[in-house]
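Subject: Structure for you to look at

Hello,

I am passing on the structure we spoke about, and I would be glad if you could look through it before reading my notes.

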Amino acid sequence: MRSVIGSAVIVTAAAVTVFSLAVPPAKGQAPQAYRAPRAADGHADLNGIWQAVNTANWDVQDHSAQAGPMWEMGAIGAEPPGQGVVEGNDIPYLPVALEKKKANFANRRTNDPEAKCYMPGIPRANYMPYPFQIIQSPQGILFVYSYASSNRFVNMGKPMEAGSDTWMGTNNGHWEGDTLVIDVTGLNGLAWFDRAGNFASDKLHVVERFTRLDPYHLNYEATIEDPSVFSKPWKISMPLYRHVEKNAQLLDFKCVEFAEELLYGQYKKK
Amino acid sequence: MSHRFLAGSVAALALVSVAAGQAPPSTAKAGTKNWTAPKTPWGDPDIQGIWPGNMGVPMQRPKTLGDRTSLSDEEYAKRVTQAQKAAAADNEERAPKDAKVGIGPPSYWTERGKPTRQASLIVDPPDGRLPPLTPEAEKLRKEFRGGRGVPAEWAGQADTYEDLNLYYRCITRGVTGSIIPVVYNNGNQILQAPGYVVIRNEMIHEARVIPLDKSPHVGASIREYMGDSRGHWEGNTLVIETTNFTDKTSIGSNGVGYNGEGGKHSEALKTIERITRVDENTLHYEATVDDPKTWTKPWTMLIELKKDDNYQFLEYACHEGNYAMKDILAGARADEAGKGSR
């Protein structure tokens, strides 16, 4: 991933803040001079292959370096340190929910839906350590994720009501200036936010905001609301980096076969 | 597929629609006269929209039909009756006492589609049937997995999850198998952006991003279930060449003529897909399957897709809800322990 972090990134990060490289600019603080090129739909062009470069998939909150869930993997399986992506760092869990989060953490090796190759849900899909591609078509915007072949179509027309609950949600988008705002409902609440066991329920409502910062970066923000798990809404934000390799393309990461032994090994013929 | 074939099948389809009381679809010729293929704002032919599959044409042609690409009135009427019977059976609240009880979905999930006169999805070779396997492929299929053959529809043997095929394992249906119509979740959506076409399949949730930049394929050691696709336009036809397949996948099935084993192929597989919008609401999807290590010659399917922008994709969370896998394996173990009952 080194090639992704070009000099442009460093310049941007330096411009944003000297205090915390992990915290992207808040809304409205993006460099005012930058005007994103237009896509065919007349809006800011978000087409591209993007990826988060942080450790949020390990833990969206601040975390020290520590052993991972699999000591057998040595340092390969260790959790790297990282500054969180949660605004203010605290997640306002209701007391019962906080207990569940702790239990999730304790059982993460087998219970994290990522270990089972389940669809990542929203917002986690956007900061897994794998690329995703935005296809901004005149008929709507498609997010294609490498991990688990997951994808979601963002309806830019008349908002659709969520049908049955799903992993990737019902996605209704609109533009606020050059920011793509996606209202995500109908989430089944089975996905986690990270490998640390942060979670929500099927009452989860996520409002995402994607804004071009410059040719190589998007700012990503998501407001997370779930009155059955959190006492108030909370927010994450981070930059997403454009893949600039000449041959950048998505490759299939169909992970089902790597989870089968974990899921079904106990039922095999001995 | 030769142009002669295309013309033949288009003419046949025109007959069907007249018989069904619909406006006849434009032939390729009439299309250029009466209908102008739309373009995207950046000038590519516009094939965007939702194009669900329509089950009801068998993969392989019954031998009795020979080289005929379309059904006679009598044969078509029979196909319609069969489809109606199947649909009626789907709507029965209870299965008949003598019905085979399987582990398939409830019958009210099924989408039988509208029968057409197309004799078979395979249009080349001219007899509409799969060409013979190479001796190498015959040998491989016999000797695979210590003589047990390639994983097929579940037939009672389930020592491990690898005894089930890729469908049961919810891994993928592959490039063509994701488009070949089956009994449910036949959604296909095409989206375009400058330099890209994406084919999104409801089945197992695929979204294949096809670059149009003529860049070389990824390195030969990268192998993928959906392969590595590159597309280009030939007039109004999108031509997609796909290589770098893993030999773990298979060509697919339409639940009628090529079910179960699904067409095990080698890593030498190359598919050439040709997608043409022949009128406002009709897409011709042709796929040529070329794998000289498996089939003695290439073969081609033609699948007609009708536009339906009201079709709603459902999230096909197959693996996430794959209770069948656990139950099949656990059931087999219980059976061995003498705890099961049939």
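The notes below go through what was found, starting with how to read the model.

This is a predicted model, in which local features need pLDDT of at least 70 and side-chain atom pairs count only at pLDDT 80 or more, whereas totals for chains, interfaces and linings use all residues. Residues are numbered from 1 along each chain as its sequence is written, while chains are lettered from A and ligands numbered from 1 in the order in which they are written.

On confidence, the predictor gives the complex an ipTM of 0.87 and a pTM of 0.87. Two residues count as being in contact if their C-beta atoms, placed from the backbone, lie within 7 Å. Where pLDDT is low, the predicted coordinates should not be read in detail.

Turning to chain A, its secondary structure comes to 4 helices and 9 strands, where helices (H or I, at least four residues) and strands (E, at least two) are DSSP runs numbered from the N terminus. From the N terminus on, these elements follow the order α-β-α-α-β-β-β-β-β-β-β-β-α. Of the 270 residues of chain A, 39% count as buried; a residue is buried if 20 or more other C-beta atoms lie within 10 Å of its own, exposed if 12 or fewer, and partly exposed in between, with C-beta atoms placed from the backbone. Among contacts in chain A between residues at least 6 apart in sequence, 61% join residues at least 24 apart.

The 9 strands of chain A close into a barrel in the order 1-2-3-4-5-6-7-8-9, with mixed pairing, and two strands are taken to pair if DSSP finds at least two bridges between them. From one strand to the next, the twist averages 30°, the axes being lines fitted to C-alpha atoms (for helices over the stretch in contact) and the angles running from 0 to 180 degrees between N-to-C directions. Strand 1 (residues 48-52) and strand 9 (residues 234-242) of chain A run antiparallel and are joined by 3 bridges, and A:Trp50 has A:Arg242 in strand 9 as its bridge partner.

Strand 8 (residues 217-225) of chain A is mostly covered, with 7 of its 9 residues buried. On one side, 9 bridges join strand 8 of chain A to strand 7 (residues 205-214), and the two run antiparallel. These two strands form a hairpin with 2 residues between them, and A:His217 is the bridge partner of A:Asp214. Strand 8 of chain A also pairs with strand 9 in the antiparallel sense, over 8 bridges, where A:Tyr220 has A:Met238 as its bridge partner.

Where do the two chains meet? In the model, 32 residues of chain A are in contact with 37 residues of chain B. Strand 2 (132-137), strand 3 (140-145) and helix 4 (256-264) of chain A each supply at least two residues of the side of chain A that touches chain B. The residues of that side divide into 15 nonpolar, 11 polar and 6 charged; here Ala, Val, Leu, Ile, Met, Phe, Trp, Tyr, Cys and Pro count as nonpolar, Asp, Glu, Lys and Arg as charged, and the others, Gly among them, as polar.

Helix 4 of chain A deserves a separate look. Its buried residues are A:Val256, A:Glu260 and A:Tyr264. They lie on the same side of helix 4 of chain A because they cover an arc of only 60° around the axis, the arc being that of the directions from the helix axis to the C-beta atoms. These buried residues pack against helix 6 (323-336) of chain B, whereas A:Phe258 and A:Glu261, on the other side of helix 4 of chain A, are exposed.

Chain B, finally, has 6 helices and 10 strands, and buried residues make up 37% of its 342 residues. An open sheet of 6 strands in chain B has the order 2-10-9-8-7-6, with antiparallel pairing.

Best wishes
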